Amino acid sequence: MAASRDSHGNRHAVEQVQSYIDGLAAKERRQVTRLAGVACDGHFMIFARYRSGRWWVDDPVAVDAKSAGLLLDTLLSAQSGKALIAENLLGDFAGEGALAYKAVRSLLAQLDRERGQRPDDLPARLFDQWESAFAVATGVTGEAESPLKKDARKALADVLGTVPGETDAATGLFVIQTYFAIVTKLIAALSLSLFLERSSWHLDELKGLGDGELNARLAELHRGLPFREARLNNVIEPDVFCWFLERTSAEVTASVRAVVDRLATYDPATLQVSPEDARDLLKDLYQGLLPRPVRHALGQYFTPDWLAERVLGAVEHQGGPDERVLDPACGTGTFLVSAVRELRASLLAENASGSDSLACVLDNVVGFDIDPLAVVASRVNYVLALGQLLAEAPPEGCEIPVYLADSILSPTLLSMHTGDRLELSTSVGTFRLPLCVDTAEELRAVCDLATLALEEGWDSERFGAEAGRACRADDDERRLLEDFFDACWQLHSRSIDGIWTRIIRNAFMPAFIGEFDLIVGNPPWVNWEGLPEDYRERTKALWEEAGLYVHKGMAALLGAGKKDVSMLLSYVVSKRLLGEHGRLGFVMPETLFKTAGAGQGFRRFRFGDDGPSFRVTAVHDMVDLKPFTGATNRTAILVWERDAATRYPVGYTVWQRLEARGIDRHASPEEVEEQTRRLRLVAAPVRDDDSTSAWLTVPRRAIPGLRKLAETGEPAYRAYEGVNTGGANGVYWVERSDDVSKGKVPIENLHDVGRSSLPRKFGRVEADLLHPLLRGQDVQRWSAKPSCEILFVQDPATRRGIDTRRMQTEFPGALSYLAQFEDHLRSRAAIRRYFTRKEGIETRETGPYWSMFNVGDYTLAEHKVVWKDIASDFAAAVLPPTDPIPLPAHTVMLLPCSSSDEAHYVCGLLNSVPARALIAGYVATHISTHTTKVVVVPSFEASDSRHFAVSSASREAHRRVDAGESADQGAVDDAAAAVWGLDAGELATMRDFLRRWLKQDLS
């Protein structure tokens, strides 16, 4: 064996160990995850374990006292209790296990009782505080609550033991999170004895206690007493999940007792023997507890470790002792744990002492999160990452630097005649502190004194004097401190006690934490519309100050102003918390770089007009890797540097899978590298005259050629969306029979299309109202063939439904059919938005309830070019004119033309490789009507031989495809290249880019 991990001898030894473990597990019917192996030749040891579906093999270590101790720990662990690994925890505490479901349902019963009988007491107040934070983090609770889809409602009801819709989502999620918090805190207590010999709190001592004594010990745990005794001051502290301790029901006590008894059978030594098991422990447990449809509805996708390490690498994280790192939306602490591990390794290499190492880590790696549950999990994960360093805690104790705080709405500075102060709003009121409290240490001192003063019954004057000495307050500042204490006392006297001083202590921390060299993380992706109304109002000034909200009036109304909260978070933390020339690395929606409207303000890369600039140094496009299991998120890594302007082109790397199978979330960074390839592209604004326009991401050598076909003026052609039913496809999309009588046709609605099924209905409608319907699935390159029909009851001239009197006299059959769906059609959001008007206290309809959308004279144009809005590769076709005229659905874009020759000319240009390469380079998701605003399509001139050549090539391509042959793409490309003035080299570069972009070279 050798020091090199990849030496032949080492690989052979590891293979022997793996084979032996597999054989032993099969022979003795043991779980392979309960076994570990070691290869040793007297000089080196290599440890190997099988976890999460793969082998973990450590680097070789020399045989010495330390490695011998690890070997002993491994042997002891194999002989003792159940391994503390995710697979075991999932089996015992998540899923459909009776233990988890019984606990959640007992908590739900207690919460319902508390909120119903005592709406102003602690449990109800804590629920309100939790909901206000959770609404911001997910966008599905609070005033802006988005109803969960049917499958999510059913899955949540299954966990809660209720009928779908009986319990609101917020209540159900709160009790589930409470259960998870209980289990997490007990796991933290279990791990104490592993790292701290001085710990006097042991989980197995809770077994056999009476109900009263058990609840008293649980209250100690939730107050953090076991950890404070072990010199860990804030690992666990009073939080919103303590609500059930006020009046714990017998059912909840029994459920918690079952959790304690089951967890006491576990051996925490696993965390020392197999440190990788700690990385996903709590993430896996929470994901297993919360049903997948609910997680997806919440948008809760936990960052895989390999992605976090990729982000840290992208910001050039060195793990050095002089480098401060912040994750301002830390979730369960994935980025923090990776940073702690790298820093520990760096300190070990420098032979730093244990106490110095602990102090350095706690000062340099910091996290915030607005979600209370995330903070609980993140602190516990941080503790597990510190491991043996916990034994170095000083006598006065230490604090885990993970805080329950809003990184966007941190305390605001107020200037008043009575003195400057910091103000913080919460669900129970506003708290203010004088500016003499200007360090984290002074903040801790003031809030800890407030906790002590509440417990011992001080008056405000005594608190003001004691706290004033701690922060050197003058008379005015001392009076502000007294006011602060009075606000805390009001809560205390209403049984909403010491928890609030802890919440306030955490929430004020962003104002005192200092600046960081690196800010990393995966911020929440929540749209502006999904935020609670109160939060939107409180952050509105920040959006405007940052320069992110650039659209006004109708543009904002129609969606150009749809913003994602990750945009605001990245701007705010870079301005407030990122040091000069510091670097930010965030996991962000790729659409922020490609979307014309919503990302425009973001792509200013400057905070307002006078704030710092941000120089984007790199973007890693991870869309094809789908890093988040089960999600369709378009993922990218953004890296920028503060205090420098963005210069184009920017490096833009596209990661592509080499095989169809996805990337395992447990994969190592090295394994991800092996399973992918990188396309080294660059990004530049698609419009030369607008630096905030959507990005074009292509090879650097392709930019000069693509600029020749990038539209810079007023487009000659305008595209439109197809007919939009406003969510009523199942009403208007129909199948007909051939039994036509007296101008009427029997129809049946396609009741199961769209997001929700509708009743199956029949009717006999006027034939003049039926048109062939072209759906997205009906469009291919060079071919468009309608597959069903649409009941078209719209007046293109008035852009409203055919008026009621005319429907009654000319189309009574259609009116009778539509009347079967009147309630559904009236309830459409678009009807309320566009066809109603407020007149005093009444709402008046401005169009009939059967009105449709995106309909004009262009919809009925005889000659059209069409393309589907979602496609990996742009595909257009000329829609053949028929009688009646075929109509595209809303998922199909249409471009009206005056003649067949013109339609084929436009279609040929758009279907050419140069146009498709340009579209691939700037489109994120939807190939919408903006295509002709980006790709220059000169006005058709029949006398121009170049235009006629394109039109002819398109006709021939359509003919060939219709005959089942392959189109002559080369002829189309050559004709299009002549229109745009492209040479053979430029065309070849575009063709090569498109081939690699579509991964055609891998097939």
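Two strands are said to pair if DSSP finds at least two bridges between them. Helices (H or I, at least four residues) and strands (E, at least two) are DSSP runs, numbered from the N terminus. These legends describe a predicted model, in which local features need pLDDT of at least 70 and side-chain atom pairs count only at pLDDT 80 or more, while totals for chains, interfaces and linings use all residues. Residues are numbered from 1 along each chain as its sequence is written, and side-chain values use heavy atoms, with hydrogens and water left out.

**View 1. The whole protein chain, before we zoom in.** Here you can find 38 helices and 35 strands. Of the 1003 residues, 57% count as buried; buried means under 20% relative accessible area, exposed over 50%, and partly exposed in between (1.4 Å probe, protein chains only). The accessible surface comes to about 40,500 Å², and carbon and sulfur atoms own 48% of that surface. Such areas come from the Shrake-Rupley method with a 1.4 Å probe, and for residues only the protein chains shown count as cover. Looking at contacts (heavy atoms within 4.5 Å) between residues at least 6 apart in sequence, 72% join residues at least 24 apart.

View 2. Strand β27 covers residues 788–791, and both of its faces are covered. Cys788 and Ile790 are buried on one side, as are Glu789 and Leu791 on the other. Strand β24 (residues 770–774) pairs with β27 in the antiparallel sense over four bridges, and Leu770 stands opposite Leu791. Strand β21 (residues 733–736) also runs antiparallel to β27, joined to it by two bridges. In that pairing, look for Trp733 opposite Ile790.

View 3. Strands β32 (residues 863–868) and β35 (residues 892–897) are joined by six bridges in the antiparallel sense. A handy landmark is Val866, which stands opposite Leu894 in β35.

View 4. At its start, a side-chain oxygen of Asp371 reaches to within 3.1 Å of the backbone nitrogen of Leu373. Just after the helix, Gly387 takes a positive phi of about 55 degrees.

**View 5. Ser570 and its neighbours.** Ser570 lies in helix α24 (residues 565–576) and is buried, with a relative accessible area of 0%. Its side chain reaches the backbone oxygen of Met567 at 2.8 Å. That pair is a polar contact, meaning N or O atoms within 3.5 Å; within protein, one must be able to donate a hydrogen and the other to accept it, and residues adjacent in sequence count only if both atoms are side-chain atoms. Leaving aside residues up to four places away in sequence, Ser570 touches Leu584, Phe586, Met588, Phe602 and Trp640.

View 6. A salt bridge is a side-chain nitrogen of Lys or Arg within 4 Å of a carboxyl oxygen of Asp or Glu, and the structure holds 50 of them. In helix α19 (residues 460–471), Arg469 and Glu466 are three residues apart, or about one helical turn, and their side chains meet at 3.1 Å, N to O. Arg469 is exposed at 57% relative accessibility, whereas Glu466 is partly exposed at 28%. In helix α36 (residues 945–962), Arg959 and Glu956 are likewise three residues apart, and the closest N and O atoms of their salt bridge are 2.8 Å apart. Arg959 is partly exposed at 44%, and Glu956 is partly exposed at 30%.

View 7. Asp624 forms a salt bridge with Lys999, the closest N and O atoms being 2.9 Å apart. Asp624 sits in the loop between β15 (614–621) and β16 (635–642), and Lys999 in the segment after α38 (984–997), so the pair ties together parts that are 375 residues apart in sequence. Lys999 is partly exposed, with a relative accessible area of 21%.
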